[in-house]
Amino acid sequence: MTIIMFSGEMDKAIAAFTLATTAAASGMDVTIFFTFWGLNIIKKNMFSVGGSMLLMQRMFNVFSTAALPVSRLNMFGLGPWMMKKLMKKSGMASLGDLMKLARQLNVKYIACTTSCGVLGLDKAALSDDVDEFTGAASYLAEARQSKVNLFI
Amino acid sequence: MTIIMFSGEMDKAIAAFTLATTAAASGMDVTIFFTFWGLNIIKKNMFSVGGSMLLMQRMFNVFSTAALPVSRLNMFGLGPWMMKKLMKKSGMASLGDLMKLARQLNVKYIACTTSCGVLGLDKAALSDDVDEFTGAASYLAEARQSKVNLFI
Amino acid sequence: MTIIMFSGEMDKAIAAFTLATTAAASGMDVTIFFTFWGLNIIKKNMFSVGGSMLLMQRMFNVFSTAALPVSRLNMFGLGPWMMKKLMKKSGMASLGDLMKLARQLNVKYIACTTSCGVLGLDKAALSDDVDEFTGAASYLAEARQSKVNLFI
């Protein structure tokens, strides 16, 4: 399975990592290709980004793993806080837990170099879990051989 | 064909059900896996949800089949109203019609139990058309055997 | 590869055309099926639409190729302007360049007739690059034979 993680919202990330970990647990090879806003999910934090970043790049980088918005009813941060509460209450794994599990199950992370260039992100700004920094051609090589390909 | 119905917007639901009914009419097996905001599409109404629902869960449940937003130019409800008008004018089937047709063509509905737990939705809150309440593993079992898999 | 281009945002269009041109350059057959807001990407301009358009249809047609929003941090047009700047600075091809390249590489454009009807768009309103005006059945016929199918 391959997932293009384009969106940077907490709810979509939870959906992607639930699918990725479930697939990997059942023996499938899973690759997640992080691009555009999806890079926020694997960004260390909004202050880890290099000092040479342009003001415009900084503005596009206000979100990071610790503070992802939700795609509906975000309500200036109340939405994500409520969603985390409800997930905990119903015994569901948090996004952080799902991401740890994904790595234990050998889910492969690719970070899109083109997007990194536009957003001013270098390797140091992203999680050490990233396996490859590469482009769309690598994604397509894997997708062509996969049974399930999703754009999230 | 499988469709993960993650979004709860009217325009995306129309796209999903147009694809689902067209595929089913041509003889394909079609499964729709409703999760997160997509559950709003098969929720009876916003008042059908159980009295034991938490306030936070209620806030996430303001949308239902009868009142879905659109993903662009929602304009506090004017967008969906205009879209319904225009669809009728151009002779296009409404979302309600497409959903009825989907069931006549045996499109299978799966409701994601994990999302139901987080959002506080029980079986009674959702449409009687739901065939299965289950998780990501069931979806993946079907997706692996499908020719077309979409995340909407 | 097939792509359903449902969204009309600049960032998602860039992702779609980057994938489409990369796939086509490596020898794959690529079809893009433009529907709903995705039609904005191939609309000549917001003034090219026929004079017989209803006011409601005009309201849904405020976006066109020259002025697409971005899906996050749009900031009333500042977001798209910043993104174009940053793409140019990092040496990335613009959306216009990617679209020209797509046509040189024979990426096929299908415009969804149902959506055109709802939005009041006729052939004259859309780019001359459109190869076919047709519906979901044509899309599915291609998707069933494709290795990679994405909904963007």
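Student: How does chain C lie on chain A?
Tutor: Chain C goes onto chain A by a turn of 120° and a shift of 0.0 Å along the axis, with an RMSD of 0.0 Å, where copies are superposed by least squares on the C-alpha atoms of residues with pLDDT of at least 70 in both. That is how a three-fold axis relates copies. This is a predicted model, in which local features need pLDDT of at least 70, side-chain atom pairs count only at pLDDT 80 or more, and totals for chains, interfaces and linings use all residues. Residues are numbered from 1 along each chain as its sequence is written, chains are lettered from A and ligands numbered from 1 in the order in which they are written, and side-chain values use heavy atoms, leaving out hydrogens and water.

Student: And what superposes chain B on chain C?
Tutor: A rotation of 120° with 0.0 Å of shift along its axis, again with RMSD 0.0 Å. Of the contact residues of chain B, 12% recur in chain C, and the copies use different surfaces. Contact here means heavy atoms within 4.5 Å.

Student: New topic: what's the strand order in the sheet of chain C?
Tutor: The order is S4-S3-S2-S1-S5 in an open sheet of five strands, with parallel pairing. Strands pair if DSSP finds at least two bridges between them; helices (H or I, at least four residues) and strands (E, at least two) are DSSP runs, numbered from the N terminus.

Student: Which strands stand at the edges?
Tutor: S4 (132–134) and S5 (149–151) of chain C each have a single partner strand, so one side of each lacks a neighbour in the sheet.

Student: How many bridges join S1 and S5 of chain C?
Tutor: Three, in the parallel sense, with S1 covering residues 2–5. C:Ile4 stands opposite C:Phe151 in S5(C).

Student: OK, helices now. At what angle do H1 and H4 of chain C pack?
Tutor: H1(C) (residues 10–25) and H4(C) (residues 95–104) pack at about 35°, with axes 9 Å apart. Axes are lines fitted to C-alpha atoms, for helices over the stretch in contact, and angles run from 0 to 180 degrees between N-to-C directions.

Student: Which residues make that contact?
Tutor: Among them are C:Phe17 of H1(C) and C:Leu98 of H4(C).
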